[in-house]
Amino acid sequence: MGFSEHFEDCRNMNKKDSCPDECGLKSISTAPAVWVPPPQRHPFAGIIISRDPTTAFIPFYNEAKEMDLPKWREHLFATDAIPRWVCSRIEMFNRKYMDDLFSKEELGNFRDTLYNSVYWTHLHKCCTDNQKKDSLNFRQRNARQCADRWLKSEIEAAAREDIRFIITLGKDVERWFENNCAEIEGIQNGRLYHLPHPSGAAMGAWHPKDEQKQRDLEEKIRGLVLECQ
């Protein structure tokens, strides 16, 4: 099965029938599972994985999924959300800590690759709500159940497309990889880049005071941007 077919199976799934019984969001209809279409008209280069969409994302998602796949994808990548934040954080880090090592052309190529050739998915597919009004807040147990059921199969399906890299955002996603990467088929063939989450709440991680942490982050960013040329 190719990745496009795998994606179709995922986006057409019924939560009540398909999700793990142990997940607390299985029966919450106000919290949809978010699926973003894979690359449509460009080579499939990699995956970017963030932690969880929030209920604030639902209006954008509902609008996008009424479109055909290319426009659905473009609409979600154009929102003020994860892909745009990642590009902004890396451009900022390049200016502040790397003395503008990357040219505008190189950063433009990175942005184009991220926007056009990368599959964006989540550790925890269903939308969460910190205020617990329309959904539950993020919970590690639910995230593990969800990722074991869906994310693992997504990565294995993408690996069969010969992707070059995987970007993880934040400690929760990184921790899941540390515990599961040995069991995921094909992951050893691509490079893995663990980056801080790009939200405003994690800005401290993008401005490390510790020099070793700064060097480590610089090395990851350098490798990722060059990977996308």
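Q: Leaving aside its neighbours within four places in sequence, which residues is E218 in contact with?
A: E218 touches F93, Y97 and M98, where contact means heavy atoms within 4.5 Å. The model is predicted: local features need pLDDT of at least 70, side-chain atom pairs count only at pLDDT 80 or more, and totals for chains, interfaces and linings use all residues. Numbering runs from 1 along each chain as its sequence is written, and side-chain values use heavy atoms, with hydrogens and water left out.

Q: Why is E218 called buried?
A: The relative accessible area of E218 is 18%. Buried means under 20%, exposed over 50% and partly exposed in between (1.4 Å probe, protein chains only), so E218 counts as buried. E218 lies in helix α10.

Q: Which residues of helix α8 are buried?
A: In α8 (residues 171-180) they are D172, V173, E174, W176, F177 and N180. Their cover includes β1 (46-50), α7 (140-159), β3 and β4.

Q: What makes β3 and β4 a pair?
A: Strand β3 (residues 165-169) and β4 share 5 bridges in the parallel sense. Pairing takes at least two bridges found by DSSP, so these strands qualify.

Q: In what order do the strands of the open sheet run?
A: The order of the 4 strands is β2-β1-β3-β4, with parallel pairing. β2 (118-122) and β4 (191-195) are the edge strands, each pairing on one side only. On average, neighbouring strands are turned by 15° against each other, direction ignored. Helix α10 (residues 211-227) packs on this sheet and touches β3 and β4.

Q: What makes the space lined by C19, C23, A33, H124, K125, C126, C146 and W150 a cavity?
A: On a 1 Å grid over the protein atoms alone, a 1.4 Å probe fits in a cavity but cannot get out; a pocket is an open set with protein on both sides within 12 Å along at least five of seven lines. Lining residues have an atom within 4 Å of a point. The volume of the largest cavity is about 40 Å³. The whole structure has 1 cavity of 30 Å³ or more.

Q: Which helix gives the most to the lining of the largest pocket?
A: Helix α10 does, with 4 residues. This pocket has a volume of about 920 Å³. Its lining counts 37 residues, and G170, P196, H197, S199 and A202 lie nearest the centre.

Q: How much space lies in the second largest pocket?
A: About 240 Å³. Its lining includes R11, W35, Y61 and W72.

Definitions and conventions:
Axes fitted to C-alpha atoms, helices over the stretch in contact; angles between N-to-C directions. Points joined across faces, edges and corners; volume = space filled by probe spheres on them.
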